[in-house]
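Here's a quick briefing to read with the model open next to you.

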Amino acid sequence: MKAHLMFKDKDFDIEQEPPFGKDMLVSDLELNTVFSAMAREDKVIMEAVQTALLCSLKNSDEIRYRQSVLKDCIKNQAAVRKLYALTIETFERKRKEHWWYSTQYLSSLFSSAVSLLQMLIGMLKKLRGIADESIQSFESSGFVTLFSMLQKELDDDYFSLVNQHLNELKFREGTLISARLGHYNQGVAYVLRRKQKKCFWRRWAFAPSFIIASRDDRGAADLSARRDRAINEGANAVAQSADHVLDFFNALRNELAFYVGCLNLYNQLQQTNLPTCIPEIAAAGESCREFKGLYDISLTLMLKKPVIGNSLLADNQSLFIITGANQGGKTTFLRSIGQSQLMMQCGMFVPADSLKAHISNGIYTHFIKEEDAQMKSGKLDEELERMSRIADHIKKGALMLFNESFSSTNEREGSEISRQIVSALKDHGIEVFYVTHLFEFANGYFGQHLSDVTFLRAERLKNGTRTFRIMPGKPLESGFGEDLYQKIFGIRE
Amino acid sequence: MFYSILFPDMKRQTAPSPEMPEYFKDLNLDQITSSILKGKSEYALEQFFYTPLKDTDAIVYRQDVMRDMKAPELQKQIKLFAKTIFDTEKRVIDTLDHLSDPESYHNNYLVKGHLLHDAQQYCHAIKAMVDELKQDSLESAGLSNFAEYLHDYALSDAFISLSSYVERLKSNLATVKYCMLINSGTIRVRKYEGQQDHSREILQVFDKFKQSATKDYRHKLSEEPRAEHVEAAVLNLVATWYKDIFDDLDRFCTQYQNFIDDRISLFSREVQFYIAYLEYIQRFQEIGLNFCYPEMCTSKEHIKSTDSFDLALAGSLIPQQIPVANSFALTHPEQIIVVTGPNQGGKTTFARMFGQLHHLGSIGCAVPGTEASLFLFDNIFTIFEQEEDVKTLSGKLQSDLIRLHEVVNKATSQSLIIINEIFSSTTLHDAVWLGRKMMQAILVIGALAVCVTFLDELASYSPEIVSMMSTVQEDDPVKRTYKIVRREADGLAFAVHIAQKYGLTFDALGRRLQR
């Protein structure tokens, strides 16, 4: 029995190692805020969303599979949460009521395993109940398959079979054991046997028998040793069965956790009146960046109020150079690109009115950092070293986000370094977004009038106000630092 | 026709003497024997180590077997075989005890099961040994005859019917499958009627939830019954459902009370003689000391031994030290070896070695050394220094003389006499006089002798006497070499040198006292 909600035909490995660059992605794109908003203190959800977001899917079928499951979740929040809560409850009950699960003594192992199994059967019945009441309202193949499977595997006949077994395990009519003869006729190879339903007592009532005398302690000890040998396998079977059921609940919980996290985030965004949408995936071979109202999701979560969204229509572009006034919203724009790409590629909705994009073969960030605290290397050294490590891993089709990189030297040198790096990346099919003040670099590309390079600029109104909108625009020589100076030093023109 | 692995036939079997020979203690043969027999007391082998053989054929018979048994694989298989037969027989005797008493607590199917199982072990051991002996090249008459005996036994009607009865019973018992219903204090028994394996069924019911392999919760439990009387009672109940098989078992136990062949049983005990000795000498061979099979001669033409050593001393020295090897030779008319020289030089050890070699050679064992020709004696007499015996009120001299008198009366020309440092508690003049009388008496008897003494005068008496001396290192006269060599007695006991070392000569002591 499998709960395949994350992938159509394989299990979701919640512990999967994310690819290279995960730490940088998380800190540069401010993902921890997103994770916390999704997890809301639930450790399993935290693990699940981290894994899902960072281990991007590369296959559009896989993404659409998850999107359809997610749509179902949004439509049927209560049922999904109920399902998830059931798995949580199961583990809670095991922890609280069955903590005395002892494996040291065989008889106590047996009885505690039976008792645990009985609790789990109860939870399975509830699970089946949820499937029964929900199956009509779900459409995604993921959920429909799950619910039908639950109905089929956990049907009434199954529960009555299980009950029958659990009843027999009470050994009300004694323990039935088969044996063979060992090398000196001692009984060996004890196997616990089921009693036949019909005529059991008729046969056994008159079978030749031996009665242990009441004061025969050794005899009594012998009898219980016999029973222990027989129930050794039985206890193992019950305990392992309980383990199997628990493992199933665990798998179900892991598969659901991600979606519950999405629902948590969805609800929060709804409250702030911000749009979300299920993104459209470009066909294979297409290069497409089209969005309306895309915003930085972690910024909005932190501020707890709406933020400015951006729009773009850029197909077949391989390089985006973003220039413009300081504090104009360039970094937030860059972040929103990275965030939405990750969210799309794990099957989530994205923070926009609408979005269509192609799948990236890996996402890498190179953002400006604090001066190296240990002063091991100069800033440029550190930046180049970081870039080199990215170069070890980055492949064709990847998405590279630069934020003010290589500006820790004079403009001429910085521009030259950037030009070389960006050209190389571009020539090898890597999509680059570059937020920069390096005018020579930006202008260099502008002068070439290439058809696959887009220039964007942070909008600044005539009076100096930033709108935080990123619009198409050629690079300008000044960064309008003057505005800031005026503002801070309060000198009017 | 095989008789015994220790004797070629009944005629040559000497009556065993369970008593230790008188000369054992003086020659430290008691120490050697107890080392050899450590851990082997159940085989009662002492008598074979105590009793010299009188017949060269019997000795060669044993030497050949011992030579064959040095081969490691054969030795291993024989050890296993002998132990299996011997231990099985012990158990069978116990079992028969129980089964002969109908009231006995132990007269039950478990014990009968043991008997059957022992019979099977016995049959398997026999068959395995027959196969093993076919493959080996056996030079000794003893083992070849035994191999033939065993081969014929394995083909005999008696063995074949035992073996097939056992196998038939065993395979029938393997078909027995029963069920016990345990309810409070009662066990009921019926045949197994195809009831399903409950544990497997439970696993099947819940198998659908399985995601991956899980832990194994099984405990390690013994399959031995806790209480014999309960298991025996259960078996009686089982027997009612399989009457034919269990009646057959009963019949087997009555018919094959003692199925072990006498000759094979005797072999399993007697072959331990060779095993014990070979195991004992291995520790010496491992560090490079040599052993050889002596030629036991009936004439005294030429008696010798090359590079031999005292086994008891060697046992206490190894592995830290190796004993010094010594040789001797007596060619007619040489009859007596007189050993003189510095104290603590190895003289008594030498004398003991002479005695040990002869005794061990006479029971057919390999002896220390690279080659040896030894005399087949009728008896060994030892005259060693006695402790002063307050009870007898004899002085030492008197004890020595009484003993000497005894020996002179009993010894024949076929005897060996070994004398160690007697006549030490009298004047030199008397000691020499008595000593010469003693030598004369021995010469008259014609026995071979070794005499360790401080009386150099005895060493040059006549052509029948060989003089040997213990030696010291040339550069440091205090150090003994422990080498005993043929040499004229040179009259110096070197005691003076020792005194010098400790500053106790007249001159040296005088100077010290003057201070």
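Predicted model: local features only at pLDDT ≥ 70, side-chain atom pairs only at ≥ 80, totals over all residues.

Helices (H or I, at least four residues) and strands (E, at least two) are DSSP runs, numbered from the N terminus. Chain A and chain B bury about 7,000 Å² between them, and chain A carries an open sheet of six strands while chain B has one of four.

**Where the chains meet**

- On the chain B side, 63 residues are in contact with 80 residues of chain A.
- Of the roughly 7,000 Å² buried between the two chains, 59% is on carbon and sulfur atoms.

**The six-stranded sheet of chain A**

- Reading across this open sheet, the order is β9-β10-β11-β7-β12-β13, and the pairing is mixed.
- β9 (363-367) and β13 (466-472) of chain A are the edge strands; each has a single partner strand, so one side of each has no neighbour in the sheet.
- From one strand to the next, the twist averages 15°.
- Helix α13 (residues 379-393) of chain A packs on the sheet and touches β9 and β10 (399-403) of chain A, its direction making about 175° with that of β9(A).
- Strands β7 (residues 319-324) and β12 (residues 453-460) of chain A run parallel and are joined by six bridges.
- To find your place in that pair, look for I321(A), which stands opposite F455(A) in β12(A).
- Lying across β7, β11 (431-435) and β12 of chain A is helix α15 (residues 439-448) of chain A, which runs at about 130° to β7(A).

**The four-stranded sheet of chain B**

- Here the order is β4-β9-β5-β6, again in an open sheet with mixed pairing.
- β4 (295-297) and β6 of chain B are at the edges, and each pairs on one side only.
- Direction ignored, neighbouring strands of this sheet are turned by 25° against each other on average.
- Helix α15 (residues 347-362) of chain B packs on the sheet, where it touches β4, β5, β6 and β9 of chain B; its direction makes about 75° with that of β6(B).
- β5 (residues 302-308) of chain B pairs with β6 (residues 326-331) of chain B in the antiparallel sense, over five bridges.

**Two helix pairs worth a look**

- In chain B, the axes of α8 (residues 157-174) and α11 (residues 243-255) come within 10 Å and cross at roughly 150°. Are the two helices parallel or antiparallel? Angles over 145 degrees count as roughly antiparallel, and α8(B) and α11(B) are therefore roughly antiparallel to each other.
- The crossing of α8(B) and α11(B) is left-handed.
- Among the residues making this contact are L162(B), Y165(B), V166(B) and L169(B) of α8(B), which face a set from α11(B) including I245(B), F246(B), L249(B) and F252(B). By class, the contact has nine nonpolar, two polar and three charged residues.
- In chain A, the axes of α4 (residues 60-75) and α7 (residues 141-153) come within 7 Å and cross at roughly 70°, which makes α4(A) roughly perpendicular to α7(A).
- Y65(A), S68(A), V69(A), D72(A) and C73(A) in α4(A) meet S141(A), G142(A) and F143(A) in α7(A). This contact has four nonpolar, three polar and one charged residues.

- The peptide bond from I318(B) to P319(B) is cis, with omega near 0°.
- H332(B) and P333(B) are also joined by a cis peptide bond, with omega about 10°. You'll find P333(B) in the loop between β6 and β7 (336-340) of chain B.
- N185(A) has phi near 75°, a positive value in a residue other than glycine. N185(A) is in the loop between β1 (175-181) and β2 (187-192) of chain A.

Note on methods. Residues numbered from 1 in each chain as written. Chains lettered and ligands numbered in written order. Heavy atoms only, no water. Axes fitted to C-alpha atoms, helices over the stretch in contact; angles between N-to-C directions. Parallel < 35°, antiparallel > 145°, perpendicular 65-115°, else oblique. Left-handed = near helix turned anticlockwise from the far one by under 90°. Contact = heavy atoms within 4.5 Å. Nonpolar A, V, L, I, M, F, W, Y, C, P; charged D, E, K, R; others polar. Pairing = 2+ DSSP bridges. Buried area = accessible area lost by both parts, 1.4 Å probe.
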